[in-house]
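Dear colleague,

Here is the structure I said I would pass on. My notes on it follow below.

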Amino acid sequence: MKTLQMKPQHMLRSFIKSIMFLVCLLFINQTISSQEQDSIKSKYGLRVGIDLFTPIATFFDKDRKGLELVGDYRISNKFYVAAELGFLENISEEDFFEFTTSGSYIKAGANYNAYTNWLNMQNEIFVGARYGFSTFNQTLNSFTINNDAFFDPLATSQSGEKFENLNAQWIEFVLGIKAEVFNNLFLSFSFSGKKMISSKEPENFRNLFVPGFNRVFLNNSGFGLNYTLSYLIPLYKKSK
Amino acid sequence: MLIFSSCERDDICIDDITPHVILRFYDAELPTDLKVVNQLSVKVLGIDNDSLFFTGLDSIAIPVNVLANNTAYTLTVDSNNGTILNRDVLTLSYTLESIFVGRSCGYKGNFLNSTYQISDDGDNWIESVEIINENITNETAAHVKIFH
């Protein structure tokens with residue numbers, strides 16, 4: 001009957017071998033997992049860009065001119081702080097009058113990326129909110145008093161006055177998508193629903209258009225479209 | 001999306017715009033009684049439009065000119081009867097005030113501190129005029145009494 005009997009030296013050798021084997025295993029495992037983590041590190045940085053919607057719109061409609069700069073900064077895996085800054089001059093033609101709005105605006109808030117990227121892709125489907133503020137002038141270019149059609153043969157338009165130092169503030173909810181089209185270059189398309197909080201109204205007229213808010217509807221709501229091109233200045237990388 | 005679903009359309013003008021002046025006709029002999037005017041034809045001096053024609057009414061609403069400080073009307077009574085027509089010229093003078101109403105209505109005109117004058121042509125069918133409201137800002141009530 002053969003029994004497994006090891007001499008003490010053999011036992012020690014086996015033991016050392018097993019330990020070494022375990023250490024090797026651990027080392028390999030560590031290397032593999034850290035390599036996996038390396039491949040899903042996301043970029044954090046400052047992203048700046050411009051709005052393309054108004055420049056494109058100006059091409060079709062000379063009544064709207066302006067420039068908007070956009071930016072956002074990633075603060076966590078899902079959250080970004082975002083801001084937009086712009087100026088706009090817009091001519092509105094209504095049935096009985098025409099007016100020009102001219103001014104600048106700023107919007108600040110945050111976006112939440114509801115989309116889970118694979119690997120190290122950086123696309124977004126985001127929801128966000130903004131607080132907006134604008135200072136502007138309104139100029140009543142021309143108007144005709146709305147009277148009985150009986151007097152139409154005499155009707156001529158008269159020019160109106162300029163209302164200065166007006167302002168308005170509002171909140172927005174934003175919904176959009178953002179895709180990295182080239183390395184660190186992003187295209188974004190978003191829609192915003194806006195609600196006026198307060199505004200300084202002109203005398204015997206009304207803020208029917210506000211830069212950054214666009215057309216003001218009867219219940220002080222509005223909407224906007226944004227199409228932006230931006231570039232990410234990477235500052236550091238962080239694992240998800 | 002509460003905000004979007006409540007974007008109201010403000011494309012249609014439903015608010016009050018520039019009011020007409022409302023004339024009410026009374027009996028010159030019994031000043032508290034209303035007196036209907038037969039076949040009244042109203043023409044505005046300076047406008048080549050067809051006359052406004054009213055028949056069997058004791059109240060009429062006629063438009064006022066917002067591009068001047070006065071509007072002169074030729075009021076012709078019994079305008080369908082024969083060749084002898086009695087025309088009186090009534091001149092309404094006022095101070096114009098323009099008030100912003102909204103996006104689709106634009107501005108309306110109010111006629112303030114209005115005064116009336118009947119041109120004496122020796123054979124007036126209108127005897128006298130009494131102002132009810134010198135500010136013509138809406139069409140809820142008559143603005144002037146015409147006694148004939």
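Which strands of chain A each supply at least two residues of the nonpolar patch? They are strand E2 (64-74), strand E3 (79-93), strand E5 (124-143) and strand E6 (162-182). Please bear in mind that this is a predicted model.

The patch lies on the surface and has about 1000 Å² of accessible area in total. It is formed by Ile50(A), Leu67(A), Leu69(A), Leu85(A), Phe87(A), Ile106(A), Tyr131(A), Phe133(A), Ile171(A), Phe173(A), Ile197(A) and Leu229(A). One of these, Phe133(A), sits in strand E5 of chain A. Phe133(A) counts as partly exposed because its relative accessible area is 31%, and that class runs between 20% and 50%.

Now the interface. On the chain B side, 36 residues are in contact with 33 residues of chain A. Together the two chains bury about 3100 Å², and carbon and sulfur atoms account for 61% of that area.

As for polar links, 12 residue pairs are in polar contact across the interface of chain B and chain A, with both residues at pLDDT 80 or more. The interface also has 1 salt bridge. In this salt bridge the side chain of Glu94(A) meets that of Arg103(B), at 2.7 Å from N to O. On chain B, the side that touches chain A draws at least two residues from each of helix H1 (2-5), strand E6 (86-102) and strand E7 (106-118). The largest contribution to that side comes from E6(B), which gives 6 residues.

Regards

Technical notes. Residues numbered from 1 in each chain as written. Chains lettered and ligands numbered in written order. Predicted model: local features only at pLDDT ≥ 70, side-chain atom pairs only at ≥ 80, totals over all residues. Heavy atoms only, no water. Patch = residues over 30% accessible without salt bridge, like charges linked within 9 Å, V, L, I, M, F, W, Y side chains within 5 Å. Areas by Shrake-Rupley, 256 points an atom, 1.4 Å probe, with all protein chains shown as cover. Salt bridge = Lys/Arg side-chain N within 4 Å of Asp/Glu carboxyl O. Helix = DSSP H or I, 4+ residues; strand = E, 2+ residues; numbered from the N terminus. Buried < 20%, exposed > 50% of the residue type's maximum accessible area, 1.4 Å probe, protein only. Contact = heavy atoms within 4.5 Å. Buried area = accessible area lost by both parts, 1.4 Å probe. Polar contact = N/O pair within 3.5 Å; in protein donor to acceptor, adjacent residues only side chain to side chain.
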